[in-house]
Every structure is written in C-alpha cells, then in structure tokens.
Amino acid sequence: MYNTVEATLGAHTISIETGKLAKQASGSVVVRCGETVVLVTAVGDKVNKPELGFLPLTIEYQEKMASVGRIPGNYFRREIGRPSDQEVLTCRIIDRPMRPLFAAGYFAETQVIASVLSADLENQPDMLALTGASCALMLSDIPFAGPVAGGRVGCIDGKYVMNPTVSELKLSSMDIVVACTEKAVVMVEGSADTKSEDEVLDAIFFAFTELQSLIVLQKTLQASNGKEKRVVEAPKMDEELYQRVMESAAAQMGNIISTSDKLERAGKYDELKTTVVEALDADGERAEEIKELLSKFRKKAMRTKIVNDLVRIDGRSVDEVRPISCEAGYLPRTHGSALFTRGETQALVSATLGSERDQQRIETLGGEENRRFMLHYNFPPFCVGEVRRLSGPSRRDIGHGNLARRGMEAVLPAEADFPYSIRLVSEVLESNGSSSMATVCGGSMALMDAGVPISKPVSGIAMGLIKEDDKVVILSDILGDEDHLGDMDFKVVGTADGITSLQMDIKIDGVDREIMGRALAQAKKGRIHILGEMEKGISTVRTEMSEYAPKYVAHQINPDKIRDIIGPGGKIIKELSAEYDAKIEVDDSGLVKVFTSNGMNLDKLLNRIKAITAEPEVGAVYKGVVKTIKDFGAFVEIMPGTDGLVHISELAKERVNKVTDVVSEGDELEVKVLEIDNRGRIRLSRKVLL
C-alpha cells in the first residue's frame, strides 16, 4: 500500500514514502528533502544461519552521478569498482548505530542499500540515507529494535542549526552527525572548530531533541505499512555447562585478566581454553560451545573486576593513561616524522609537503574538489601479530584516517599563509587499542617537525564504558580488550582549548547526557596530560624546514604576462620546469607559485621568471632588436613580446630622411623609454643616448 508521511526538522521538511518503488525488497522507502531523493532498501535472507555465530550485515551507500545530471569521469563512464571514501564513510555512519539493534539469534544474511536518485547539492543525502535505512528495516519483517533517526548539527553565529545545507555548512563552526533512538544517543561523529565540552554536549542533545520528530514519523509509517516481524530464538545457554566452565577456569581467570602484556595475556588465555576443553569435553563434541562460554566468563570477570575494584586489566586506575614515549624527527629523509608510543600501541607518522598540483582530486556529486590536507592510516597485520594478505585500505582504515584528519584540520594554517599541500601517513606498528588516537598525536608532532605552523598541538584519547546494573565506570585510554568487552568506544580529539573532532559508538541502549558529560570531562583531563607528554618530544614548530622539503616562493606578475611565461602550447613553462627541476603554477590573477627541491635553483628560476615577465619602466635603458621598420620610425623589441616605437625624429641628433638610413631590421639598438601611455604604448629614443 502506497503511503507517505512528513515531518519538519529544523528549517526543512523531510518526507518518507513507501509502496511505490522496490516493492520486492523486504522493506523499502524513498526519503526526500528539497529535491534530494534517496531510495533505501532492506533485504533479509529467508534462511537463518545460527551456526555462523554473527550477523552477516552489509550496508551499501551509492551516490549516482545521474542524480545531478552528470556523467562519471572515469574511462567506463559508469559507477564501477570500489566506492569513494565519502561513500565508505557514509556506510560506516549507517552501520554503526544499526548493528547493535538486531534481535539476538538473528543471523540471516542482511543487506541495506541506499541509492541517491536525485541531489539538489544543498540538502545532503547522507542523513536521509541513515534515517531511511532505519525506516526500511522497521517496515520489513527483519527483527530490528529501532527506530533510529540521524541528523547533522551545525553552529552558525552561536546558534545550533539542524541539518544545515551545503551553503550553511561553509559558515558553520561545527559539523556533528548524531544518531539516536527514542530514549538515547547511540552514535556521534563529527568535527568542531575547537569547541568546549559543554558546547559539544549541548549540540548533541539539541540534535537528540530535534530528531524525535523522525522517530515519530517512522513509527507512524510502521503502524500502517509494517510487516509482521520474524520470530527468532535467542541462543540458549547451557547453564549447567557454563557453571562447570566457570569452576574449571576460576583459578586461572583472575591471573589472566590481571596480566598487562597483551601477547602474554593472550597466550595464557589460549592455554586456559585448551585446559578447560580437555577437562570438560574429552570426546571433542562441544569444544566450540565451551570456548564461547569461556569467553563469556572472561568478559564477566573483567567487567566485574573493573566495576567493583576500579582496577583494570593492566593495573591502571579508571582515569589513568598508559605510559607514553614520543620522538620527533625519527626518519631522516622525510619532511617531518614522529614516533608515538602509548602502552602497547605505536604509530610512526610521516609528513610530506608538496605543491598545489599534489592536492587530492575527488569526484563528488557537486563536481571535482581538491583536498589540500590528506591523512592516510595503515593497519598492517603484523601490528597485532597476525598473518593476513595485504590489500587496499579497509573501511575501518578509511574511517580512522578520516576521524584523525578532521581532528587536525582545525589547527592547520590557511593556504594563503602556507601554500603547501600536506600529506600525513600513519603506519600502525603495534596495536592494543586507540591506534587512531596515536595517529592524531603522532600526526600533530610530525606536522610540527615538518615546520607546518599549526595553531596548537592536537592530541586524542579513546574512552570506554562499563555499565553493570546501576554502576557505571568510565575508562580513559582503553585497551583493545576493554574496547571489545566494554559498552562504549568514545574517541575525542582536541587541543588544550577544546574539541576538534569526536566519534562515539555504543553497544548498549544508549547514553544519557550525564554519562556523556562525565566522559567528555574525563577525556579532557587525559587529553591535556597527553599533550604534556608530547611536548617532551617536540615543544614548538620547527623554524627551518627539512633540506629535502620543497622550497617555495610566490611572485606576482601582470596578468597580461601570463601568456609569456606559459608560452605557445605550454612550451616555456615546461622548459623552465625541466631545466630547474621545479613545479610552476600560475593562476588567473598572475600569482606565480614556484616549488623546487633546490634553493639555488629557486633563485635562478625566479630571476628567469622576472626577466620574462618584466615590465618596462620610464627612464630605463634597454638593448633591443629592431623588429619592424615603418616610414615614421622603427619598432624595437626591448623584452620578450614587448616592443616600442622609436620615432624617426628620435633616431639620431641630426635630421633623418629615411629610417633605413640609420637602422635595419635585426639590428641591436640601445634605447631609452621616454613614455608609456595609458594604452600601454611605449615611446623610445635612441637620440637621447648619443
């Protein structure tokens, strides 16, 4: 049955319709705002596969170029291959709040696909896709405990704005995506222009209040068009076997969850698994079940120890940060580098400077964009002691890199003050939690080592949460096991003055304002502590750049001279670039940017450019070449492409009857500039120099 409902969110009307498109999907909706239209479908396989032990959920988000009336710019002229980084990031934003809300025991292969069918380039489609994904699942027979609503909050002139348009976002000092249920916030991700904890908290719960209208919208549509939900049985635990597992493992479990070294702890746990399985399952028929129950016991033991004793796996208190060591300038040939180690997490970050030509070019729905600052995060298998085939960056790699990049963008100098393109590469060499935050810390130090004049150093910290009944414990600088066995992963990036980016994912029903406020306050304390440790590695931005970094100079020329430096078919600029091993960029205003790795070459090249683009000056003397002879005088080229007239009366002291009596075409002639009129015509004289 076709049905449509709508609600107002901020200054915009959002409508959701169902029953017209993609009716064979388990659930499908079309979400509209302005002229932006997104189709979202959800399909769950009919066969439940509890033997998998996990939910095989796939989230896809596709930006169709046809939606803006453009043809893709690739060779095949169609959307092919891997998704863009923006599409990957949107997939993650949709996936993270949805995944914890599927019913226990539901293991059928499930796919949600969001396709942008029309985009007006003002109302952004990603938030429509997030809400649409929840609504499609709500209307389907898939056991999903939604609804979830998603939106973006900005801040313009001190006022919070819900779902700002693309134009408004350019004026905003904040860009934070919030996903929530009826009761609580379940996901946060975004960046801010160094905002205080209170300002960020207010923004998040402003969005939570505003998004309730979309919750009501989905419930209304489900009441009229929703399918009956499938009934799945939650996995049943053998209580008797679980009791025997606990009894067999109790003596060793306390020692394991108190072993601080990650590899040693993992080794002890593997030994315990073998021991318990051999003791309880001599025939080997229930080995996997016993291992799952042992994992459940380990999770319970670790959480109980933290909640009751306020002591963590590695012996730290709940707000204590692991030992930190850091070193700037670790790599000799990079333009900047830093090695940052926090506990058993280590990141080696290098900084590379380039010209405007090195900016990343990104094809988006709005056209091609250039990105001046790039951060690439790599997580090789050896960093966690694993063997795995090397491939391209995963969705996780792209997400972590984006969070770190957005956290550092707020402190970068303006391009007019520092015209270099900047690329950071983070190689995670060891990982036991918070590798993305180690990337932030190492990246900030690498920028300082490269001589990039950032406004303030930036650090990052990952916060965790353990909630047992009414007891809530917030953890600073979480380990990998605390992330895996805990209830929250809350990453906060910022300077000593405020927050620049953040990301929160939770595994429980949600967090309220009080808990989130405590987490942000504790994160600030940890962030400032980390900044103090970073200062021991590098305290100020280097005043001199690496000898291997490109040297830069800008020179303003008359825009009319651009053609002279470019040359026919780019001949002159190509020859100069090759001769001086340089990159030369000229914009329409006549600003010439020169990048070269050799300082001496830079001076020589600049002199050549000045000679080619020099402007004649009244009173100056030039040695020129006679190009054309007329009855009334001779035209002399005094600079490449610039000539002036020596009138017949200015050729000699005596009277001249014919110009050719004094000069011929091709003669070299020393002349003086007498006048340059308002039309740029140059009057020359030979006579005054005789």
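**Strands and helices, a quick chat**

A: Let's start with one residue pair in this predicted model: M174 has A192, in β10, as its bridge partner.

Q: OK, and which strand does β10 pair with over 7 bridges there?
A: That's β9, residues 174-180, and the two run antiparallel.

Q: How many residues sit between β9 and β10?
A: There are 4 residues between them, and the two strands form a hairpin.

Q: What about β21, how many bridges join it to β10?
A: For β21, which covers residues 499-506, the count is 6 bridges, and it runs antiparallel to β10. If you want a spot to look at, S191 stands opposite S501 in β21.

Q: Remind me, what do strands of a sheet pair through?
A: Backbone hydrogen bonds, in either a parallel or an antiparallel arrangement.

Q: Switching topic: what's the strand order in the open sheet with 6 strands?
A: The order is β1-β2-β3-β4-β6-β5, and the pairing is mixed.

Q: Which ones are the edge strands?
A: Those are β1 (3-9) and β5 (57-63), each of which pairs on one side only.

Q: And what does the twist average from one strand to the next?
A: It averages 15°.

Q: Now helices. At what angle do α4 and α12 pack, and how far apart are their axes?
A: Helix α4 (residues 197-210) and helix α12 (residues 513-537) pack at about 150°, and their axes are 10 Å apart.

Q: Is that roughly parallel or roughly antiparallel?
A: Angles over 145 degrees count as roughly antiparallel, so that is how α4 and α12 lie to each other.

Q: Left-handed or right-handed crossing?
A: The crossing of α4 and α12 is right-handed.

Q: Which residues meet there?
A: From α4 you have E197, L201, D202, I204 and F205. They meet R513, M516, G517, L520, K524 and R527 in α12.

Q: How does that contact split by class?
A: Between α4 and α12 there are 5 nonpolar, 1 polar and 5 charged residues in the contact.

Note on methods. Residues numbered from 1 in each chain as written. Predicted model: local features only at pLDDT ≥ 70, side-chain atom pairs only at ≥ 80, totals over all residues. Heavy atoms only, no water. Pairing = 2+ DSSP bridges. Axes fitted to C-alpha atoms, helices over the stretch in contact; angles between N-to-C directions. Parallel < 35°, antiparallel > 145°, perpendicular 65-115°, else oblique. Left-handed = near helix turned anticlockwise from the far one by under 90°. Contact = heavy atoms within 4.5 Å. Nonpolar A, V, L, I, M, F, W, Y, C, P; charged D, E, K, R; others polar.
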